[in-house]
Amino acid sequence: MQFQRKDCRPPFLGLNGRLPEELFGALPTPCYILDEAALCRNGEILKKVAEHTGCKILLAQKAFSNYNAYPILAPYLAGTEASGLFEARLGAEEMPGKEVHVFCGAYREDQFEELLNYADHIVFNTPSQLAKFGPTARRAGKSVGLRVNPECSTQEGHSIYDPCAPGSRLGTTRTQWENYMTPQLEDLLDGLHFHTLCEQDSDALERTLQAVEERFGDVLPRMKWLNFGGGHHITRPGYDISRLENCILTARKKWDVEVYLEPGEACALNAGYLACRVLDILQNGRQIAVLDASAACHMPDVLEMPYRPPLYGSGEPKEKAYTYSLGGPTCLAGDIIGDYSFDSLLQEGDMLLFGDMAIYTTCKNNTFNGMPLPGIYLLNSDRKLVCLKKFGYMDFKCRLGK
Ligand SMILES: *Cc1c(COP(=O)(O)O)cnc(C)c1O
């Protein structure tokens, strides 16, 4: 198949007009390629927001934990955010000298002491967790926070990603606050935290902040900081950054709080690729190509979210002459990446390049079906490829026994 040298949309800017095969043809597939220039581009955008507003921005590691790339992002960020002990330790070890924040749905007694070695800010989900661990965290000199639920859903369809959906376990509602908070518990708090957005623009943040004010506006002046969580798609082309900056400046002024943002996606958005090859072509009422990469194993959010990842040189189904359904080599019938069209016929061995593959991939993939994990490469600022990690049979076997 012949690709054209014109596909320069944001997911593929880093190719600089070169073809996937030219740049990545020598790499064993499937493999992920992280793009240093794109990470820096994101970092610059985030750093400007911090400079314009005085807020602090953290990398939410659950989206992107390729720590070999932390030195690339560190100059632009105030630190890292963790979902628990291991990510907190990773942030402390690999972005040294920067802040480590942690939020966990529920902390474990057998891990809490160790967590104190790594975390600067510890955010609790409920008043009962605050009561159980807050005094210890305080004595250890930690900044203590409570995640609140402003009960303001701003997204439709993705209820799996909506912490404000009815019956949510994430965050303390005002009703729960009224029922369980005491003055002594409130004395433990340095800040409040909310995380309610997912791939959203700043208008959703603006609405959320109104809800936060309605429900917790009386508490906020007593706080030192307010953490806006993640889900801010700040580095996406078209994101309304000035509205975000207004939200931050308004919150700082109104409540005299320090503001934190902890985006995951926005740090590494459009900053990676997944290179793979066509293994087989078949027809069953439609053209189907089986790839050496799997949605279920290597890009799990394609099925979980679900979404259709960008693919270099392709069009929507039927937009170009030849449409294929692209699937993985696993036994899962639903291991389908999506339908894409091309200018010419696909052939066995063709390289395909998926875009926006740095986030929720390398840290979320799996070896279902005994699928090998893709290697991880860095396309550095000199446009040289550096191998960060290769995987083999033992990476599959070692998790299953000894
Ligand atoms: C998931 C999550 C983030 C990051 O979300 P993105 O959508 O990747 O920006 C930040 N904070 C918390 C508490 C999260 O759960």
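Where is the place of N66? The answer is the loop between β2 and α3 (70-73). The model is a predicted one.

## Two buried polar residues

N66 is buried, because its relative accessible area is 10%, and the cut-off for buried is under 20%. The side chain of N66 has a partner. A polar contact of 2.7 Å joins it to the side chain of T362.

T367 sits in another loop, the one between β14 (351-355) and β15 (375-379). Its relative accessible area is 8%, so T367 is buried. Its side chain makes a polar contact with the side chain of R399, at 3.1 Å.

## Around the ligand

Which residues come nearest to the ligand? They are K62, G231, E262, G264 and Y360, out of 14 residues around it. Four of its residues are nonpolar, five are polar and five are charged.

Some atom pairs can be picked out here. K62 places a polar side-chain atom 2.7 Å from an oxygen atom of the ligand. E262 places a polar side-chain atom 2.8 Å from a nitrogen atom of the ligand. With E265, the backbone takes part: one of its N or O atoms lies 2.9 Å from a ligand oxygen atom. How much of the ligand does the protein bury? The ligand taken alone exposes 390 Å², and the protein buries 91% of that.

## Salt bridges across the chain

Side chains of opposite charge can pair when their charged atoms come close. How many salt bridges does the structure hold? There are 24. Three of them are described here.

K56 and E258 form one of these salt bridges, with the closest N and O atoms 3.8 Å apart. K56 lies in strand β2 (residues 56-60) and E258 in strand β9 (residues 258-261), so the pair ties together parts that are 202 residues apart in sequence. K56 has 26% relative accessibility and therefore counts as partly exposed. E258 also counts as partly exposed, at 32% relative accessibility. The pair belongs to a wider group. K56, E99 and E258 are linked in a network of salt bridges.

K254 and E213 form another salt bridge, and their closest N and O atoms are 2.9 Å apart. This pair links distant parts of the chain, 41 residues apart: K254 is in helix α10 (residues 241-255), and E213 is in helix α9 (residues 202-216). K254 is partly exposed, with a relative accessible area of 45%. E213 counts as partly exposed too, at 33%.

The side chains of D339 and R286 also meet in a salt bridge, at 3.8 Å from N to O. Here a strand is linked to a loop. D339 lies in strand β13 (residues 336-342), while R286 lies in the loop between β10 (272-283) and β11 (287-291), and the two are 53 residues apart. D339 counts as partly exposed, at 29% relative accessibility. R286 is partly exposed as well, with a relative accessible area of 40%.

E245 has its place in helix α10. Is E245 buried or exposed? It counts as buried, because its relative accessibility is 14%. E245 and S202 are 43 residues apart along the chain, and their C-alpha atoms are separated by 9.0 Å.

## A nonpolar patch on the surface

Which residues form a nonpolar patch on the surface? They are L303, L332 and F368. Together these residues have about 240 Å² of accessible area.

Technical notes. Residues numbered from 1 in each chain as written. Predicted model: local features only at pLDDT ≥ 70, side-chain atom pairs only at ≥ 80, totals over all residues. Heavy atoms only, no water. Patch = residues over 30% accessible without salt bridge, like charges linked within 9 Å, V, L, I, M, F, W, Y side chains within 5 Å. Areas by Shrake-Rupley, 256 points an atom, 1.4 Å probe, with all protein chains shown as cover. Salt bridge = Lys/Arg side-chain N within 4 Å of Asp/Glu carboxyl O. Near = heavy atom within 4 Å. Polar contact = N/O pair within 3.5 Å; in protein donor to acceptor, adjacent residues only side chain to side chain. Nonpolar A, V, L, I, M, F, W, Y, C, P; charged D, E, K, R; others polar. Helix = DSSP H or I, 4+ residues; strand = E, 2+ residues; numbered from the N terminus. Buried < 20%, exposed > 50% of the residue type's maximum accessible area, 1.4 Å probe, protein only.
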